[in-house]
Amino acid sequence: AVAVQSNGNIVVAGTASPGIDQADVFAIARFTPNGQLDTSFGNDGLVTTDISGVFPAVSAVIVQSNGQIVVGGASASGIRHQPVNTGLVRYNSNGSLDTTFGTGGIVQEPTAVGAPLAIAQLSNGDYLAVTGNQLTPETGVVVEFSSTGVLQSTVTPAPVVASSPSTPDLVNPVIFQPNGDYIWAETVGNGFQRQAVEAFRFSETGVADPSFSSTKITFGGQKINEPQAIALPANGQIVVGGMSGLARLNSNGQLDTTFGSGGSLATFHVTG
């Protein structure tokens with residue numbers, strides 16, 4: 001997962017292993033705008049955090065206006081039939097763990113959403129975490145954590161002040177809009193014979209927005225279509241990108257027919 005801070009610094013979050021056959025850890029690197037490791041961050045630009053559990057994975061990252069960084073991911077308990085832990089870790093601007101958050105800067109919650117595909121900070125300081133692999137057109141999977149990392153029993157809508165860029169989980173990208181709604185895209189259709197992309201909008205509480213058109217999209221009329229990213233232009237439109245093309249939607253979910261051919265286009269990579 002990647003995010004850019006207001007000063008142009010680039011935060012890259014993932015996992016790393018200290019050696020062969022050793023457990024993975026959460027890992028962050030921060031780069032200056034010219035691509036050099038930021039030596040004022042962590043250990044010469046690098047930070048690792050040991051998360052309890054097995055197979056930790058990072059799926060989203062946000063940078064807050066105060067310089068703090070929140071990384072979202074998951075880890076397994078190692079016990080059969082036990083849910084995956086949702087993990088949130090908050091770092092200070094210098095890369096140290098923010099010990100006022102969770103336990104020593106780390107939150108692990110086994111009954112939340114697994115690995116969040118998108119996270120957002122609300123104006124009240126709380127955080128939303130949402131996953132895409134269990135969403136349906138009728139409901140969403142979204143939870144709220146307090147500003148100190150406590151899982152809340154309900155989601156309270158509030159404006160979004162920071163959010164993660166679109167990060168795909170296979171082919172289910174998710175992104176928050178500034179008002180707290182979030183857009184999710186999925187592949188629909190019959191295997192690889194004829195696929196289309198469909199986008200949905202959900203409120204902060206995970207309720208599908210009936211005013212948003214779930215138009216089926218093909219990139220330039222191709223048979224195989226998989227969404228991999230979503231971008232939000234400042235004018236309220238929505239751009240969905242995949243391995244083979246782009247589509248642009250109006251704010252109500254309908255294809256913008258002024259873009260490409262009827263709202264979408266195919267892209268090709270030629271080598272030789």
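This is a predicted model: local features need pLDDT of at least 70, side-chain atom pairs count only at pLDDT 80 or more; totals for chains, interfaces and linings use all residues.
Two strands are taken to pair where DSSP finds at least two bridges between them, and strands themselves are DSSP runs of E with at least two residues, numbered from the N terminus. Residues are numbered from 1 along each chain as its sequence is written, and side-chain values use heavy atoms, with hydrogens and water left out.

By these criteria, strands β17 (residues 227-231) and β18 (residues 238-242) run antiparallel and are joined by four bridges, with Ala231 standing opposite Val239 of β18. The two strands form a hairpin with six residues between them, and within the turn Gly236 adopts a positive phi of about 95°.

Gly236 also contributes to the lining of the largest pocket, together with Val160, Val161, Ala162, Ser163, Phe176, Gln177, Pro178, Leu232, Pro233 and Gln237. A pocket is defined on a 1 Å grid over the protein atoms alone as an open set of points with protein on both sides within 12 Å along at least five of seven lines, and its lining residues have an atom within 4 Å of a point. The volume of the largest pocket is about 160 Å³, this being the space filled by probe spheres set on the points, which are joined across faces, edges and corners. Strand β12 (residues 160-163) gives the most to this lining, with four residues. The lining comprises seven nonpolar, four polar and no charged residues, where Ala, Val, Leu, Ile, Met, Phe, Trp, Tyr, Cys and Pro count as nonpolar, Asp, Glu, Lys and Arg as charged, and the others, Gly among them, as polar.

Elsewhere, an open sheet of four strands has the order β1-β2-β3-β4 with antiparallel pairing. Strands β1 (2-4) and β4 (46-49) stand at its edges, each with a single partner strand, so one side of each lacks a neighbour in the sheet. Three bridges link β1 to β2 (residues 10-16), seven link β2 to β3, and four link β3 to β4. Six of the seven residues of β3 (residues 25-31) are buried, so this strand is largely enclosed by the rest of the structure.

Technical notes:
On a 1 Å grid over the protein atoms alone, a cavity is a set of points where a 1.4 Å probe fits but cannot get out, and a pocket is an open set with protein on both sides within 12 Å along at least five of seven lines; lining residues have an atom within 4 Å of a point. Buried means under 20% relative accessible area, exposed over 50%, partly exposed in between (1.4 Å probe, protein chains only).
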